[in-house]
Structures are given as structure tokens and as C-alpha cells.
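Trainee: I have a new structure open. Please show me how to read it, one feature at a time.

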Amino acid sequence: MKNKEKTTIRKIEFKRTESIYLIIRGVEVGVVAGLICSLYRFLLQFAEDNLIKILDYIKGNPLKTAFWLAGVTAIGVIVSFLVKWEPDAGGSGIPQTAGEIRGYFSLNWWRVTLVKLIGGTLTVFSGLSLGREGPSVQLGGMAGKGAAVLTKADKTTQIRMISCGTGAGMSAAFNAPIAGTMFVFEELHHGFDRALMCMGIVAAVVADFISKIIFGQDTIFHYDAQRLPLKYYWILILMGIVFGIAGSCYNRIMVDAQRLFKKLDKIPQSVKMGFAFLVSGIVGLFLPQVLCGGHRMTALLMQENPELKTLIILFIAKFLFGVFSFASGAPGGTLYPLCILGAYLGAICGDVSIDALGLAPELRQDFVIAGMAGLFASIVRAPLTGIILVFELTGDMNSLLPLATVSLISYATANVIGTAPFYSILFEKAVERTDTPVVNAKDAEKVLQTFVIPLGSPLNGKKISEVEWGKHCLIVSIDRNEKPITPKGDTVLKEGDTIVMTISQRRFQQDLNRVYALINGK
């Protein structure tokens, strides 16, 4: 017991002099996450390139086609056994990683990494409409955990390294270090932590650097920027409303499809997944553009400017196939596919607006980019991440104002409708299987957590002694206007205060949820 108390005291004393340590840890996470996620990106690119070659090779030959369909069905069975061996590697992996950070799960980092690499590659090779970005978030998180475990880091550092690994994973997948860092705060932690910010930025930048060494420095989307005249910005407001409604519908349909797929519990998972892969093989024969994450759809949209009818057909096909692929539970993400859906819906809105109002045809690409950010904001409910992500994908500063307009209106519309954010829904479903965090009592220790009291918090103006924090929580420091305050029972809390608290690992997720509820008044 004394050793644990000394460990906690050392953490508190070390907190204000740890910048160099955080930078070193950030580099460590960035290197490992960058290498693993770049490997995953290379494998998926290799798989997709060879998938296209195979489809061209078997085209028009019934015997070769039959062998190919039998092969992808067998691959689906193999993937189902991989996911059965390590269930936490199924799907995108973002909800499972969030559960690890919040104390619900303790993922096996090397098994998740192995299954994600193999299963994700086989899934893309078979053509399912799933991307690399969500899995890269989980792979980055597991890389961070692996580095923490192998270096015997304390639990506080381990959680930080997992969190920063997720941002590094997104950075390596999208070449978007700022969006990767923002994703950690806006989607995973729902708050700000300076120590996490320091480590996270370093990890994301290092991972991005490694990715660019391997894949080059070009942005994922290349287009000539135009500027929509300000008098037509009312179109963007209407777009925001449309995208808010579309995002809410997307969330409901995706979750309902997954629920329906799981209700078929009398059918073995291997049969269901094999069937899903068979359907993917059939889709590839007739509509190869909608396969995988959507890179071919991107090239088609940006280079060939398809007509409105083609846009609508591909949008509907990509959406339906994406719903089916996600419901199967195969390893793969939805972030890039949903960006493609947003791009196509934006192109549809752009064509309608251009034809109706006589706008310059060159403005279509501005609608495409705004559509990506708008749908991301309404589905994920992380508008800042969406705006920054699309900005980094395109590298165009002039697009920020239309991006922000569509994203914020879309975000507000989805909130008014009331549909929960996509990854929040998946997170709640993921934690239904457990009521307590997976922690070995012998290994339990205190975890250092940072909270910021927001504007409008019910804690504003209250004394520390007046709040029921819980017996497993202890406030060890308060930062106010860059100055440390020693917490006492009669210390009055104020908006903007940064609270540093130790929480018992044994009841980490319950206590963490309670503190968030106290701070936010929920």
C-alpha cells in the first residue's frame, strides 16, 4: 500500500516538470504507430490494386469468375474465425479503443494488431466497402499500448499513450496530424488535457512524417479551389440542413442493419461472413467503383466529372453496400467511406445548384469538399475534427469558411433531430457486455486525470467539500490562470479551472463517468 502511495505522490510531483518526458513518449508512440499504420496502409493499397487486376482478369470468363467467388467466400470464413479468436478486432475498432481509454476494456494489443492487419487486408482484398482510417485509429492505439506495456509505463502514461496513438493512427491514415490530435480531444476524451496535447501533437506529427516518407507529401484530394460568392452562402445553409438530416438517417440505418445482422444468431458467424464476402464478390463484377474505401470513386469524381444521374446511382449503391459491409462485422472502418458519401452528396447538391442558378461549373468541387465535412459533422458529431480533416485532405485554406458553414449547420441540425453520434452509439453497444472494468486487483493503481470546468458547469461557485466526488477520487491540484492552487475543502471552483485528480483504477470507468456527469451537469 505504501508503495502505491509513493507512486501516486511521485506522479503529482513530476506533473509540472514532465514536458521533456511527454515529448519523448510522443516520439515513441509516433514512431511505432506511424510504422504499423503505414504498413497497414501499404497492405490495403496492395490488396486493392490486386483486386482490380483480378476483376479485370476474370471479366467475361464464367469459370474464372466462379473460382473467384468461391475464393472470396472462403476468405470471409477465414476472417470470421480471426474475429472469433479476437472479437475486439472486428469493425472499425474505434469504440473498443475508446472503451480501453475509459476503463471498460483491457484489449490484448498484439492480438488486436495481428488480426486487424490480416483481417483488414483480406477484407479490402475481397472488396467490402470499408476503409483504413477507423482501423488505423485502433492500430495506433494498440501501438501506443504495446509501447507502454513493453516499457512498463504506469497506468496514467499508458492511457495517454493509447490516446495519442489513436491520433497518430488517424494522422498516418489521412496525412492529417492536426485532425488526428483534435480527434483525441473531441471524440475520445471530450475535454482538454495539456499533457495529452503535448504528447499527442508530437505523436501525430511524427506519424505523419513517417507516412509521408513512405507515401509522399501530396494531399489525398487534389482540386483547383474556387470561391463561392458570398451572396450564395444561403445555399450552404440549406446544404447544412440536408446533410444534418442525411447524417441522422445514416446513423439509424447503420445501427439498425448491424442489429438485424446480429439477430440472425441461428446462422453461424462463419456462414454470415462468408455470404457477405460472396455478395462483395458479386458487386465487384457489376459495379467495381463502389468497392473498398472509395478511392476509385474519388478519382472518378475529381477527374471525370460524372453526370448527375451517375452521381445519384453511385451514391445510393455506395451507401447500401457500405451498410451491408459494416453490418457484417468484418475488420474495416467507415470514416473514409462516409467522406466519399459526403463528397458525392455534395456533388449532387452542386450540380443542382449550378443548373438552377447558373453558377460557374468550376464551383462543383467546392460543393464536394463542403459535403465531406458536412456529412462527417452530422454523423460523427465532431465538427472541428471534420473541418480540420477536410482542410488537411485538400490543403486549401480558402475552403475553410464554406466548410465551417456547412459543418456547423449540419452538426446543429443533427443535434436538433436527436440522433446520437455514430461512434457514441457503437461505444454504448460495445460496453453492454461488461458492467465493470477489466482490471486485475493486484495491478490496480491510481490514475491521474485532468478535467476542465466548462462554461455553465454546475460546479462553478461550489466549494470542493460540497461536491460528492466519491471515495476513490482525490483532487491533487487545481490550475487557475496558469497558476497552481493547493486544493482544500473550502476552495471555490470556477469556470476554466483545470482539475488534476487521481482515480482508482479498480473503479475507473464508474468514477470517470461520475466526474464527467458532475462537471457537465448530466
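**Burial, salt bridges and a sheet**

Mentor: Start with Glu86, which counts as buried because its relative accessibility is 4%. Buried means under 20% relative accessible area, exposed over 50%, and partly exposed in between, with a 1.4 Å probe and protein chains only. This is a predicted model: local features need pLDDT of at least 70, side-chain atom pairs count only at pLDDT 80 or more, and totals for chains, interfaces and linings use all residues. Residues are numbered from 1 along each chain as its sequence is written, and side-chain values use heavy atoms, with hydrogens and water left out.

Trainee: With which residue does Glu86 form a salt bridge?

Mentor: Side chains of opposite charge can pair when their charged atoms come close. The cut-off: a side-chain nitrogen of Lys or Arg within 4 Å of a carboxyl oxygen of Asp or Glu. Glu86 pairs with Arg111, and their closest N and O atoms are 3.0 Å apart. Glu86 sits in the loop between helix 3 (62-85) and helix 4 (94-101), while Arg111 is in helix 5 (residues 109-125). The pair links distant parts of the chain, 25 residues apart. Helices are DSSP runs of H or I, at least four residues, and strands are runs of E, at least two, numbered from the N terminus. Arg111 counts as partly exposed, at 23% relative accessibility.

Trainee: How many salt bridges does the structure hold?

Mentor: Nine. Another one joins Arg480 and Asp497, at 2.7 Å from N to O. Arg480 lies in strand 2 and Asp497 in the loop between strand 3 and strand 4, so the pair ties together parts 17 residues apart in sequence. Arg480 is buried at 18% relative accessibility, and Asp497 is buried at 1%.

Trainee: What order do the strands of the open sheet have?

Mentor: Strands of a sheet pair through backbone hydrogen bonds, either parallel or antiparallel. Two strands pair if DSSP finds at least two bridges between them. Here four strands form an open sheet in the order 1-4-2-3, with antiparallel pairing. Strand 1 (446-452) and strand 3 (483-485) stand at the edges with a single partner strand each, so one side of each lacks a neighbour in the sheet.

Trainee: How many bridges join strand 1 to strand 4?

Mentor: Seven, and the two strands run antiparallel. Look at Thr450: Val500 in strand 4 stands opposite.
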